[in-house]
Amino acid sequence: MKTRARKGIFITFEGTEGAGKSTLIRNVAAQLESSGRLKERRIRLTREPGGSPIAERIRNVILEEPVDPMAELFLYEAARAEHVVRTIRPALDAGDIVLCDRFTDSALAYQAHARGLPWKKVKLLNGIATAGISPELTVLLDIDPAVGLARAQDRNRFEEEGVEFQKRVRQGFLKARSESPSRWMTIRVGSKPPEELSASVTREILKRFGKRFDRG
Ligand code: TYD
């Protein structure tokens, strides 16, 4: 079943390292809460890899040390399958607004485009892991990869791979966006202060989904 047929609203946030996703998501959640438009709806914040107990354990495995690229893909997809079943689907069934830090497009950008695994295979596994649940809106936080890397703290092993890798990740996101442009909203980091960036995302969410909030 597609997300559209469910009561909840599923929104994902993507980007290269150091773009400021976590701050953006927190600000958007706060702005939506204070907009007075949500009626009965709750906001649910979650992230990948992770978002459920087993998926968080898989996250530790993935981020701890290098794994073979194909094994890495399966670990991300295993974590995703758990996350969807335990967290995302129940939240959407309950009518929540789910704001998720990274999702299937990260697998396309990192494992397919940057690591070099076949795009179609990653797409296929994404589809299997999510059982057809897909975001209705994806916010791409787009930053110059060199600037992002310089800003990133607590470098993980993807950040250690350097700017060329991050450039490929960015191209991967742009490719994913070109396959379904209407699902995406792109925010260029650096042009405006963080509160203005989050305000424009909040406005877009209210514009796209506000009528559904009103219907409850
Ligand atoms: P994290 O520290 O959460 O990074 P960030 O704050 O940038 O989101 O680490 C998650 C890493 O996992 C990040 O470098 C992107 C990567 N990733 C993939 O390679 N494939 C995926 O499918 C997902 C969800 C994340």
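This is a predicted model: local features need pLDDT of at least 70, side-chain atom pairs count only at pLDDT 80 or more; totals for chains, interfaces and linings use all residues.
**Entry 1: strand β3**

With five of its five residues buried, β3 is largely enclosed by the rest of the structure.

**Entry 2: what pairs with β3**

Next I looked for the partners of β3. Which sense does the pairing of β1 and β3 have, parallel or antiparallel? I found it parallel, over five bridges. Within this pairing I noted Thr12, whose bridge partner in β3 is Cys100. Strand β2, residues 43-47, also runs parallel to β3, and five bridges join the two. Here Leu45 stands opposite Leu99 of β3.

**Entry 3: the nonpolar cores**

Leu99 turned up again when I checked the largest nonpolar core, which has 26 residues. Together with Ile11, Val201 and Ile205, Leu99 touches the most other members. I then listed the elements that each give at least two residues to this core: β1 (9-15), α1 (21-34), β3 (97-101), β4 (137-142), β5 (184-188) and α9 (194-215). Which of them supplies the largest share? That is α9, with six residues.

Leaving out neighbours within four places in sequence, I have Ile205 in contact with Ile11, Val28, Leu32, Leu137, Gly210 and Phe213. There is also a second, separate core of 24 residues, and among its members are Ile58, Ala79, Ala107 and Leu125.

**Entry 4: helices α3 and α4**

I turned to α3 (residues 69-93) and α4 (residues 104-114). Their axes come within 11 Å and cross at roughly 175 degrees. An angle over 145 degrees counts as roughly antiparallel, so that is how α3 and α4 lie to each other. On the α3 side, I noted Glu72, Leu73, Tyr76, Glu77 and Arg80 making the contact; on the α4 side, Thr104, Ala107 and Gln111. Sorted by class, this contact has three nonpolar, two polar and three charged residues. Ala107 of α4 takes part in this contact and also belongs to the second core.

**Entry 5: Ser106**

My last stop was Ser106, which sits in helix α4. Is Ser106 buried or exposed? Its relative accessibility is 8%, so I count Ser106 as buried. Not counting residues up to four places away in sequence, Ser106 touches Glu14, Gln111 and Phe173. Gln111 was already in my notes as one of the α4 residues in the contact with α3.

Technical notes:
Residues are numbered from 1 along each chain as its sequence is written. Side-chain values use heavy atoms; hydrogens and water are left out. A nonpolar core is a set of buried Ala, Val, Leu, Ile, Met, Phe, Trp, Tyr and Cys residues joined through side-chain atoms within 4.5 Å. Buried means under 20% relative accessible area, exposed over 50%, partly exposed in between (1.4 Å probe, protein chains only). Helices (H or I, at least four residues) and strands (E, at least two) are DSSP runs, numbered from the N terminus. Contact means heavy atoms within 4.5 Å. Axes are lines fitted to C-alpha atoms, for helices over the stretch in contact, and angles run from 0 to 180 degrees between N-to-C directions. Angles under 35 degrees count as roughly parallel, over 145 as roughly antiparallel, 65 to 115 as roughly perpendicular and the rest as oblique. Ala, Val, Leu, Ile, Met, Phe, Trp, Tyr, Cys and Pro count as nonpolar, Asp, Glu, Lys and Arg as charged, and the others, Gly among them, as polar. Two strands pair if DSSP finds at least two bridges between them.
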